[in-house]
Amino acid sequence: MSRKICFEIAFALGAIALGLYLFIGSSSINLGTGYDKIGPRFFPYIIAGGLLISASLMIFEALQRNRLNSELHFEKAPLVLIVFGLIISVLLLERLGFILAVMILFSLIARAFKSQQLIRDVFVGLILTTIVYYLFTSGLGLVLPRGVLSGLI
Amino acid sequence: MESLGLLVDGFAIALQWNNIFWAFVGVLLGTAVGILPGIGPALTVALLLPVTFSLNPVSAFIMFAGIYYGGMYGGSTTSILLNTPGESGSIITALEGNKMARSGRASAALATAALGSFVAGTLGTIALTFAAPAMADIALIFGPAEYFALIILGFTTISSVLGKTPARGMLSLFLGLALGVVGIDLQTGQARFTMDLLPLFDGIHVVVVAVGLFAVGETLYLATQSKGAGEIINIKGWTWMSREDLARSWKPWLRGSLLGFPIGGLPTGGSEIPTFLSYAIEKRLSKHPEEFGHGAIEGVAGPEAANNAAAAGVLVPLLTLGLPTSATAAIMLAAFQQFNLQPGPLIFITNPELVWGLIASLYIGNFMLLLLNLPLAPLWARLLKIPSPFLYGGILVFATLGTYSLNNSVFDVGLMYLIGVIGFYMRLVDIPVAPAVIGMILGPMAEQQFRRALAISQGDATIFFSRPISATLLGLALCALIAVPLVKYLQKRS
């Protein structure tokens, strides 16, 4: 079995798991009171059914196409770098603040896109996030986390 | 002819200085994001939602409309010069346009695309001016049963048109529907699938999903494909088009517009079908069929016009029925909801200044786009030289910013990243992401209409089949569901 078919089946199995979760979870939704004839459980049941059917169809398709078709291809290193950047950014957004956390994310993404100049990327990232920070907070009145820089900015 | 009077009122609104300003901002941003690979009008409007909350809705929608039309113009520039179609509507443009550019005719290709977009955009907007009120009159007799049937028709056609196989489109649609169900049930006030997480009680915002899928998913996908940057073709001597080019272009423009608008206006929407049809027709009608595949100007002019006319057509079901048929339209619907507006026949009565101001601004925006794109194309093309590490890093900066400022919530940011990683996986296994966005926004509407219809009929489910319009729409949905696999099966046999 090609790698692509394995990935396809894995995705479909995930969708089936989600469908089962919805199916089981639906029965524990409170019905509430009201004139509503259908209640809040009906649609989740339908969606669960739809997920189960379409995911099963996809498995069926994947197995049928088991000839060769296009091969799945992706590089692991950039994936790891970006996912790492995303985790850093979400964990540190409030602690480090928008400017620094997103600057780290920016530099890691630049690295994932084969940039070799880390110092330049950090610098560009810092300038960009600082400009964006002031543009959207002072300029447009949004609130962004200040984090460790809260005394400075 | 009532439309004309209303349109004049609309122009009075759209020509106010501040609205001209927002239209200009919109077309400028739209062209830029259309040109930049990896970022499109859907993502841009989604990111701007939190920022525009304080804006007057008329100005906000005038800007969004500018982004929407501008994205179409910009997309063709990238297809021609870089051969990477940003969205499915410009695949064909890339096919012939890039060949023209390679043989030194980049400026003719860009000019016929810009002029064709202008002609088609204007014709499409004229058609919208007359079709929308007519459609709104018809939609006035729609009750919940009809709306439900219409949304179901949209679901079946969208999931069978987008994506390699209907099963994949359906899977994406149902994933979107599942996301849409999270939160407090509107009818009964009961929590559904909130996992006792407080931020989920308000439901998942469509911006979180759209930004995750379009920004993070796309960035991950492009970073992991070691294709390297494509070759950007330089424009040599900005000469516009010759008399012969014009003579070969104007008929394809008109035919493309005629094809694009009605197909774009169907509940299936989409710009693939009209652009492909236009290409096939131009190839058949051309006096130079041998040039097709090597850079035939008709093959750029026709599909590009069809693409823009379809973009105008998509606005008909969006404005008159509240039915989005593209990802950008789905985000625009979310924008309407943000301003507590519900597109549909009533919006023509309750908010005429918004609807007609918006339609009038489309004429103005189109004109601005022509002026911006025709003489300045070489300048715009420079945007393509932004190094990809900075471009995608920058996209994620704005994605994080936009998502955080929805509710000032880190939870939303984390959820958006997670959905982005899932979106990347979906791209790897050829599952289209647009049906998920559309399903997410239309799912709650479908449920509400369904339950309303049954409340009216006192629980009698035959209401969907006893009312003629609803029965017809559901019948069509069934046909759409059967037709695609059937056609494929027959093709296989022959």
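## What covers helix α5 of chain B

In this predicted model, the buried residues of α5(B) are covered by parts of chain B that include α4 (57-82), α6 (106-139), α11 (272-285) and α12 (298-321). Which residues of α5(B) are buried? They are Ile92(B), Thr93(B), Ala94(B), Glu96(B), Gly97(B), Asn98(B), Met100(B) and Ala101(B).

The helix itself runs over residues 91-102 of chain B and has 12 residues. From its first C-alpha to its last it reaches 16 Å, close to the 16 Å expected at 1.5 Å a residue. After α5(B) comes Gly104(B), a residue with a positive phi, near 85°.

## Where a helix of chain A meets a helix of chain B

Let's turn to a pair of helices from two chains. Two packed helices are described by the angle between their axes and the distance between the axes. Here, helix α4 (residues 98-112) of chain A packs with helix α17 (residues 388-407) of chain B at an angle of about 145°, and their axes are 8 Å apart. The crossing of α4(A) past α17(B) is right-handed.

Which residues take part? From α4(A) come Phe98(A), Val102(A), Leu105(A), Phe106(A), Ile109(A) and Ala110(A). The residues they meet in α17(B) are Pro389(B), Phe390(B), Tyr392(B), Gly393(B), Gly394(B), Leu396(B), Val397(B), Thr400(B) and Leu401(B). Sorted by class, this contact has 12 nonpolar residues, 3 polar ones and no charged ones.

## A buried arginine

Now look for Arg248(B), which sits in helix α10 (residues 243-265) of chain B. Is Arg248(B) buried or exposed? Its relative accessible area is 13%, so Arg248(B) counts as buried, the cut-off being under 20%.

What does the side chain of Arg248(B) make a polar contact with? The partner is the side chain of Glu291(B), at 3.0 Å. If you leave aside neighbours within four places in sequence, Arg248(B) is in contact with His288(B), Glu291(B), Ile297(B) and Glu298(B).

## A buried isoleucine

Ile419(B) belongs to helix α18 (residues 410-428) of chain B. Why does Ile419(B) count as buried? Because its relative accessibility is 8%, and buried means under 20%.

Follow the chain and you will find that Ile419(B) and Val211(B) are 208 residues apart, yet their C-alpha atoms are separated by 8.8 Å. Not counting residues up to four places away in sequence, Ile419(B) touches Val208(B), Val209(B), Gly212(B) and Leu213(B).

Key:
Residues are numbered from 1 along each chain as its sequence is written. Chains are lettered from A and ligands numbered from 1 in the order in which they are written. This is a predicted model: local features need pLDDT of at least 70, side-chain atom pairs count only at pLDDT 80 or more; totals for chains, interfaces and linings use all residues. Side-chain values use heavy atoms; hydrogens and water are left out. Helices (H or I, at least four residues) and strands (E, at least two) are DSSP runs, numbered from the N terminus. The expected span of a helix is 1.5 Å times one less than its number of residues. Buried means under 20% relative accessible area, exposed over 50%, partly exposed in between (1.4 Å probe, protein chains only). Contact means heavy atoms within 4.5 Å. Axes are lines fitted to C-alpha atoms, for helices over the stretch in contact, and angles run from 0 to 180 degrees between N-to-C directions. A crossing is left-handed if the near helix is turned anticlockwise from the far one by less than a right angle, and right-handed if clockwise. Ala, Val, Leu, Ile, Met, Phe, Trp, Tyr, Cys and Pro count as nonpolar, Asp, Glu, Lys and Arg as charged, and the others, Gly among them, as polar. A polar contact is a pair of N or O atoms within 3.5 Å; within protein, one must be able to donate a hydrogen and the other to accept it, and residues adjacent in sequence count only if both atoms are side-chain atoms.
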